[in-house]
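I opened this notebook to keep track of what I looked up. The entries follow the order in which I went through the model.

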Amino acid sequence: MYIYLNNKLVAEPEAVVSVYDHGFLYGDGIYETMRAYKGTVFMSERHIERLGRSASLLKLKIPDKKNIMHSVHKTLDANKLSEAYIRITVSRGKGPVGLDPALCKEPSFVVFAEKFREYPAAYYRDGVRLIIAKTRRNFIGALDPRIKSLNFLNNIIAKMEAKERGAYEAVMLNPQGFIAEGTISNIFFVKDEMLCTPSVEAGILDGITREIVIDLAKKNGLRVREGLFSQEDIFKATEVFFTNTTSEVMPVSMVEDRTYEIGKITQRLRRLYKEEVKRYLKKTADSK
Ligand code: PDD
């Protein structure tokens, strides 16, 4: 595998950063996960824009959009990948110990990509199980979840809770007890034929898949409500699913001990999302 590190491609064993990197010492950094379909990076502009937002909220210097996409394509080409999982990581870089970002001269910029591993078809057919984690999502005033940062410890602890309880993903509540999001995903549910999802104010990462699904739902005549929801709301729902870049629309069969059908709205949105991917690929091919 070839990894893009700072300004060049290097073989994986040489792709190393210093133990003094503040990403390693303090979690000072950001990342993005993208997915390539047939060599096209889906919604790359939105991902790069979000990386830019995370960077500016942390006053972290990153390459410009064109250079970032250039490094992504170089990485895909070097590894002969077309269906790929892509991760961009930017950390504060190497510097003496101390929290001050000014101690670090240059950020570390890394892109790696791997062949996309499809999730088992049974997950989409039968749905996956979720729990409601004890561990809460961040208080916005402490670390805004809109920063896609390298500080993921509470999500990691929530994921461990899910695994210990035999579930696939965990729903995290915000500090006030409202539903926030999954550990690496956004949560949706259907109640009285209305598609519901926590609003950004609930303290979530405003997922790109989430945004697409909301748009598709509205365009196709579904009623959508973004707001503050309680655990009871999800227990009263008739359908539940989660979204992210790699899973797309993932149906949920169980939250705690409440079971759900893989309903029509979930199936429809999953189909519409797939069509949206195809439309994007065609549009991108046409503009080349
Ligand atoms: N995670 N919420 C959190 C906390 C996330 O980490 C993610 C994405 C999402 C969904 O965002 P999007 O639809 O833009 O992928 C929501 C990625 C997949 C990851 O951590 O690798």
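**Entry 1: ground rules.** I take contact to mean heavy atoms within 4.5 Å. I also note that this is a predicted model.

**Entry 2: two domains.** I looked up the domain assignment. It gives domain 1 (2–115) and domain 2 (122–278). I then looked up the distance between their C-alpha centres, which is 26 Å. How many residues of domain 1 are in contact with domain 2? I found 24 residues of domain 1 in contact with 19 residues of domain 2.

**Entry 3: area of the interface.** The size of an interface is often given as the accessible area lost when the parts come together. For domain 1 and domain 2, I noted a buried area of about 2000 Å². Carbon and sulfur atoms give 59% of that area.

**Entry 4: polar links across the interface.** I searched for salt bridges between domain 1 and domain 2 and noted three. I also searched for polar contacts there. Ten residue pairs turned up, both residues of each being at pLDDT 80 or more. Next I asked which elements give two or more residues to the side of domain 1 that touches domain 2. They are α1 (22–26), β3 (29–37), α2 (44–57) and β5 (84–91). Strand β3 gives the largest share of this side, with eight residues. I sorted the residues on this side of domain 1 by kind: ten are nonpolar, eight polar and six charged.

**Entry 5: T33.** Is T33 buried or exposed? T33 is buried, because its relative accessibility is 13%, and the cut-off for buried is under 20%. I listed what T33 touches, leaving out residues up to four places away in sequence. The list holds H47, Y85, I86, K148, T245 and T246.

**Entry 6: E248.** I moved on to E248, in strand β14 (residues 248–255). Most residues other than glycine have a negative phi. E248 has a positive phi, near 60°, and is not a glycine. I checked how buried E248 is. At 2% relative accessibility, E248 counts as buried. What does the side chain of E248 meet in a salt bridge? The partner is R35, at 3.5 Å from N to O. I followed the links further. R35, E118, E248, R270 and K274 are joined in a network of salt bridges.

**Entry 7: E193.** I noted another positive phi, at E193. The value is about 65°, and E193 is not a glycine. E193 sits in the loop between β10 (186–191) and β11 (194–198). Is E193 buried or exposed? E193 is exposed, because its relative accessible area is 58%, and the cut-off for exposed is over 50%.

**Entry 8: salt bridges in the whole structure.** I searched the whole structure and noted 18 salt bridges.

- R117 and E114 form a salt bridge, their closest N and O atoms being 3.9 Å apart. R117 is exposed at 66% relative accessibility. E114 is partly exposed, with 31% relative accessible area.
- R125 and D126 meet through their side chains in a salt bridge of 3.1 Å, N to O. R125 is exposed, with a relative accessible area of 57%. D126 is partly exposed at 41%.
- R146 and D144 meet through their side chains in a salt bridge of 3.4 Å, N to O. R146 is partly exposed, with a relative accessible area of 26%. D144 counts as buried at 18% relative accessibility.

**Entry 9: A121.** I ended with A121, in helix α4 (residues 121–126). A121 is exposed, because its relative accessible area is 58%, and exposed means over 50%. How far is the C-alpha atom of A121 from that of K288? I noted 33 Å between these C-alpha atoms. Along the chain, A121 and K288 are 167 residues apart.

Definitions and conventions: Residues numbered from 1 in each chain as written. Predicted model: local features only at pLDDT ≥ 70, side-chain atom pairs only at ≥ 80, totals over all residues. Heavy atoms only, no water. Helix = DSSP H or I, 4+ residues; strand = E, 2+ residues; numbered from the N terminus. Buried < 20%, exposed > 50% of the residue type's maximum accessible area, 1.4 Å probe, protein only. Domains from an automatic or database assignment. Buried area = accessible area lost by both parts, 1.4 Å probe. Salt bridge = Lys/Arg side-chain N within 4 Å of Asp/Glu carboxyl O. Polar contact = N/O pair within 3.5 Å; in protein donor to acceptor, adjacent residues only side chain to side chain. Nonpolar A, V, L, I, M, F, W, Y, C, P; charged D, E, K, R; others polar.
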